[in-house]
Amino acid sequence: MLMDGPLANIPKHVEKSSSSDWKSNGVLLLILLVLATAIRVWLLCHTEVTSRDSIGFERYAWELEHKKWKQVLRSNLHHPLYPLTVLAISVPVRQVIAGSDLEVMQLGAQLASGLAGILLVIPMFFLGKELFDRRVGFWATVIFQCLPVGARVMSDALSESLFLLSSATALLMALRAFRTGSTIGFLGCGLCAGFAYLTRPEGILIAVAVAVVLIGRRLFVQRQKGWPETARQMAGLAAATALVAGPYIFIIQGFSNKTTTRDLLKSEIRNSKTELAARDETWNKPGSPSVVVPCFIHGPMLSNIGLGFSNFAIWWPDGKVSDLQGHLWWSLYALASEIGKGFFYVAWIPALIGLYVFRSRLRNWSGETVLLILCLLQCLALLRVAMVAGYVADRHVLIIVLCGLFWAVAAVFFLTDSIPLFGKFCSNPTFLLVGLAGLALPKTLEPLHANRAGHHAVGLWLAEHITPSDELDDPFCWAAHYAGRTFLREPTAPPLANVPHYRYVVHDCRPDHRDRFRKPSAPIANLVSAGGTVVYHWPEQVPVEEANILLFAVPLTGNK
């Protein structure tokens, strides 16, 4: 039987503070901050377009600046902390660059995400140090910053960085609170869990995980103690979480506005992703104040196994009907695939070894158990998403990857320190960890969304030619965004000619791109029969017949 090895014998209390200890921590944190900053800056400078969801976040932040907050919070699907952060960062950005709303908000959104991703190294390092030791905290943080899924998401204009920052801080406070028994510690954990919820709805699972472990410790470990202490700790946790999350819940009169979260509370199972696509109305009517941004990314069929894939998610095949058992098996497969992808396909193996080797720590129902319970709750939530909504996205498993990497790195050190055969194979575990990070970096440092350069170019052309009275049909949203339609203000007066002139239609000719993300709004034959003509194509240097993207202008009724 495997014993707990060197790392397992590390005391569970906080290591004694000393000047040398703080100096060592400071040097390692500086290295981590430099690494994280370098990756964020590189990807920021090599971004073709930001993700499609980012358009909604940027519009959200813009609305918070120009409209009443209560109205904005009720009308938007996403939770508000990340858009509020984008709005806050856009203020100094606007003073530095004299750009349009699009330029200011996009840069602000990426900076908000990037800064949160950089700051994440601090709680993650100390969390690993509390769980095992300094070297585990350091290398787990290095690898998380280098793995493609996490690094690219944290460099995009998405809410995950802020969610992971608040979640890791909450877990660190929970770990210390369990070791000290301090009610203040549970208050701090509840506050950070509330901030995680204000970023993404699953942030509430942190408070639930801590509450479960508190009850479990009282029932299975501290049976001789009374309930008053546990009650005080749970009250502090709940009160702090409610203090932060309560106002938003009160304003929207519910737990969340997110479509998927609401659907989780229903009992039906979707058999087709078209039920989600049906909600994605992408017409930009004259004078419309906003762009309705599709929230989901679709995948092409793999006919040999009947599954839908994309670069970012796995989808239940369109039109495929299944019984409950068939849908459950697909959901388990999709969840396992995305978790494996998040771990760069190999790091989940030492993570499971670490959970087994250091399993004795989990029997005490302490802070370590919180991470395990949180991962299990997240898996159940994502399994429910797969069953109900028919998809699983890789960025939703990042909290599982973050927690699992501590056990993975600890397992690598254990194997090299305690098993002679493994030690002969690799006497220095640092080589393995550096090798994993090095293998991941080429994929990590690829330009963000480079395959969407054509949509960017179409948007820039439209920005120079489209008028407020024109309509725009863009199933992908990027062209509409770069054409300036995301930040249109309410019209003060109707257009002079009260009828639109043209309807511009963006058509992606690449089947893999079109089918993977969005069905075309109309076949080319229909556009031509309606009088549509190609006014722009991309790449510009190739003939229209060989273009990847076509932009049609269809005359509308009332043109003269």
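Buried means under 20% relative accessible area, exposed over 50% and partly exposed in between, with a 1.4 Å probe and protein chains only. The structure is a predicted model, in which local features need pLDDT of at least 70 and side-chain atom pairs count only at pLDDT 80 or more, while totals for chains, interfaces and linings use all residues. Residues are numbered from 1 along each chain as its sequence is written, and side-chain values use heavy atoms, with hydrogens and water left out.

**View A. Helix 8, residues 134–146, is mostly covered.** From first C-alpha to last, helix 8 reaches 19 Å, close to the 18 Å expected at 1.5 Å a residue, a span counted as 1.5 Å times one less than the number of residues.

**View B. Val221 lies in the loop between helix 12 and helix 13 (227–252).** Because its relative accessibility is 39%, Val221 counts as partly exposed.

**View C. The second largest pocket is lined by 17 residues.** Ile339, Phe343, Leu352, Leu355 and Ile400 lie nearest the centre of this pocket. The elements that give two or more residues to its lining are helix 16 (324–342), helix 17 (348–357), helix 18 (367–389) and helix 19 (398–418), and the largest share, five residues, comes from helix 18. A pocket is here an open set of points on a 1 Å grid over the protein atoms alone, where a 1.4 Å probe fits, with protein on both sides within 12 Å along at least five of seven lines, and lining residues have an atom within 4 Å of a point.

Conventions:
Helix = DSSP H or I, 4+ residues; strand = E, 2+ residues; numbered from the N terminus.
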